Amino acid sequence: MEPSTSTSVNKVKTKQSSKLSRFLTSRKAAPYVFVTPFIVSFLLLFLYPMIQAVIMSFQQVLPGQVEFIGLRNYERLLNPEFYRALLNTSIYVVFTVLILVALPVILAVFLNSKLLKFRNFFRASLFVPALTSVIVAGVIFRMMFGESETAVINEIIGFFGISPVEWRYGSVSGMFLMVMLAAWRWIGVNILYFLAGLQNVSEELYEAADIDGANAFQKFFSVTLPSLKPVIIFVSTITIINGFRMFEESFVFWQNNSPGNIGLTVVGYIYQEGISQNDMGFGAAIGVVLMIIIFIVSIIQLKFVGAFKED
Amino acid sequence: MKKSLSLLLIPGLFLAACGGNGGSEGAGGSEAEDTSVIGPDSEEATELTFWTFNEQHIGVYEPAVKRWNEENPDRQIQLTAEVFPIDQMNNNLRLALQSGEGAPDIADIEVSHFGSFLEGDVQFESMNDQVEPVLEDMVEGRLDLYSKDDNYYGLPYHVGATVMYYNEEIMDEAGVDIDSIETWDDYVEAGKQVTENTDSMMTTVETTDQFTFWPLIAQQGSDYFNEDGEVILDNETNVESLQFMNDMVHEHEIAEIAPGGDHHEEQYYGYMNDGGAASLMMPMWYMGRFIDYMEDLEGKIQIRPLPRWEEDGNRTSGMGGTGTVVTNQTEKPELAKEFLAEAKLTEEGNIDLWTELGFDPPMYSVWDSEEMGESNKYYEYFHDDIFDMLLELNDEVEGLNITPETSDVTNEINTNVLNSAVRQQSSTPQEALEQAAESVRSGMSE
Amino acid sequence: MTTKKKKWISIAVTFIFAVITLTALFPIISLVVASLRPASGLMREGLSLLFDPAELTFSNYLSIFSESGQQYWRWYLNSLLISGMLIVLSLFFSSMVGYALAMYQFKGRNVLFVLVLFILMIPFEILMLPLYQLMIDLNLINSYFAVMLPLIVAPIAVFFFRQYCLGLPKELMESARIDGCTEYGIFFRIMAPLMGPSFAAMAILQGLTSWNNFLWPLLVLRSSDMFTLPIGLSTLMTPYGNNYELLFSGSVLTIIPIIILFLFFQKFFISGLTVGGVKG
């Protein structure tokens, strides 16, 4: 294990190779060795296809006929359908971030607290929805939120005297379905992140707070939340990005076409235009714009919470 | 033969997942659910792959492979059929054609997507040498759907003549003689009688699919595009037809929006099966849905031509459809084309289209043949005068103008137009159609 | 706070959690109930709370164990193999990268971290066609490897490991160096064991991502004996001949073993937490 011993033992080896191995095990080179898999995968699986996609966004791509058409794909983006997709996606992002950060933090704190009995059972149970694939989850939600009076959710609201809702046809109820589905599936995962984060919160801080006579709420805001900050940054970043990339939550309810485009998301629009309508150049242009939007939003968010600072 | 056929077909018609039962070995040695291998598993047989989105379609190739191998013992084939959900099949096929690799020998493409597959250099083999010898026996408009620049690329499964399915029990209860319904005005009047005298609605309209709107306008000789490929979606006929749909639902209150949004939903099958509506306008190929999903209606359904718009107007329109193509990635283009012609362009093949699939075959010269008259489950469920009626309608099937943008229009109709003009009533038919037409035009003007 | 008061709060909290958990599990319970009822009626009437218990039947499950269900088990095997291999590969590579980004000062570190975030943001859909073409060029179409490749160095896992490592004591590295450990020895022998909880969390997360992955496998997998579960199940719900019997029972069987696996894994996860958690 120790470099000095191993090189001295292997005296048979040429000077050069021992030099190389010494270099490779040096403190300078080690981080580069560690990140090599990332660099390879970045170049091959992201940069190369990315460049291809950007090029494509300036082209009309048809089998056997590929021509450059300048900015025309981008000009075509100025249409109500794209605005609708952007709006839906933005609303979805806002709601999922609010729900999927706030709720899991609170639940995780309780799941970590001795006040709660059967903690392991609850932890496991709340994670179970995350185990279902979005396809399966979609099947269940469509059944539960059917528009007939005999579908579960309509039965339940009927119990409170509310008349049946056509869930999949209204823009508000449609958004509700998508956010619900995402919240339901992801809450357990985010709880997991926060639980892991809570293990690193120092007991001493709580003890100090106890000595200062802080109550439970004060402790939560002055000790727990600040300690969880790195995890909160992580979870909110992921949630924002996943929100902008959302596609399947809409797909399982409406496939390609939702009534009045209530379920149209930006990625759904890429799928619809780029793949279903065979307009790959246009699809690529939507993708490039989406990428820029996500990039800007994330940078702002990360700057705002100070993720680039040394912790 | 009969036994092996029924083994393959019966599960194939009822359950998507059992199509492999009649085939020999699937890939990997397991019995595949979405893969059917038809034909001998011998070394001489050339393997052809076939992609489809409708398990049912495979039924017509089983006898075709058998016939082909009997007639061409030195050029035997083995057909591997794979079934994918429609969107996925389209995507996979598109990517494969775009990248020049991975496409099957033969593929099914649904009509509203067909135009977009013909953009750029066409990636399919021209079928002209197969089609031309039999052209005059065929309903030509159906072949034209899948053609470009005088080349026929896709072979149809059916005419798709749109008809009215009446539930006689409900009509009788309402006191309406279905043969007295000649015009759409009569139909509306009859509808009022039905809603007054029974618990049922007269009919249903689709808002998430186009098989109410499109047949209505096509019946009057209108369409989404004219012959030059220009958008005519917002013309007067179309606006009036959409208004008529709206009126049936909201003014006359004889129709309701199909539960589930269109006529291919489980909820809808349940609704119809329970006598929810007294009649339904759909193409002939919808017969299979009755048989598979509405078993309580057996013997109660009468098929009639559509009511006319004007005195000598058409009483039907050809709707829907799928073109089967040979891709240019096949290693055996001649073999694939000749086999496809055996399945779709022969009398035997066309009779199979009826007996196996319940489709109105595009080769109308077989419509009055003896085999077509033989009793089968379609005649048992409906009545046996179907083809007499179809023969009468033969020259009333107008062709449709399919363009690369047809799928754009379809998308607009299913997503925006019907929803805002009929379901939500948030815009007038005129506004909705103008907006949709504008959106499609703006995508075209490049 | 008195012990009595504490006890009452404890009971109240536990009760509230029982309600929350029941709500969260309700859809799953519904699915299980649904799988025991005649499938087509369910699609017609929607899932009703009021049903006749006498209707319950195991026939949907019988169809999975009959001949027509054979393919289902093949999909199951594919999903298990792909997810298993992917967990091992992606944890190995991603933890290395995340660790290096957190623990070392080196040129290009910030650039690499920004690149990680950048990849995280790229909607996969726009890379789909070029990637697909790449898979063809590499002759990987219809292979397990093609499904796994884009996920092996998962940016999300790199990000998580980096965040997690930021909380690890750097002093340990120094003392290990003094003891003569190589940089790799430090990682594999000293730091990696401290990252236990993050490994458990990422194993679960990567396993899930792979188990439920849909769009990409759909494109690169061609023959049905290579399909994974989500794709196989989705082929059961085409409008052209639904097969809800298999769909519902198949969905339930998709979840249950994963739940068991998770419960098993969760013990490791929690014990990992207690081991890794002793630090300030």
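Everything below rests on a predicted model, where local features need pLDDT of at least 70, side-chain atom pairs count only at pLDDT 80 or more, and totals for chains, interfaces and linings use all residues. Residues are numbered from 1 along each chain as its sequence is written, while chains are lettered from A and ligands numbered from 1 in the order in which they are written.

Let's start where chains C and A meet. Chain C puts 82 residues into the contact and chain A puts in 80, with contact meaning C-beta atoms, placed from the backbone, within 7 Å. On the chain C side, helix H1 (residues 3–35) gives the largest share, 13 residues; helices here are DSSP runs of H or I, at least four residues, numbered from the N terminus.

Staying with chain C, an unreviewed UniProt entry annotates "transmembrane region" at residues 12–36, 75–99, 111–132, 144–165, 186–208 and 246–265; such annotations may be inferred rather than shown by experiment. Residues 111–132 of chain C are 91% helix, with end C-alpha atoms 27 Å apart. For residues 144–165 of chain C, the figures are 73% helix and 31 Å.

Now for the core. The largest nonpolar core holds 303 residues, and Tyr61(B), Val97(C) and Tyr99(C) have the most contacts inside it. Such a core is a set of buried Ala, Val, Leu, Ile, Met, Phe, Trp, Tyr and Cys residues joined through C-beta atoms within 7 Å, buried meaning 20 or more other C-beta atoms within 10 Å of the residue's own. Helix H9 (residues 171–198) of chain A gives the most to this core, 15 residues.

Terms used: Contact = placed C-beta atoms within 7 Å. Helix = DSSP H or I, 4+ residues; strand = E, 2+ residues; numbered from the N terminus. Buried ≥ 20, exposed ≤ 12 C-beta atoms within 10 Å, placed from the backbone.
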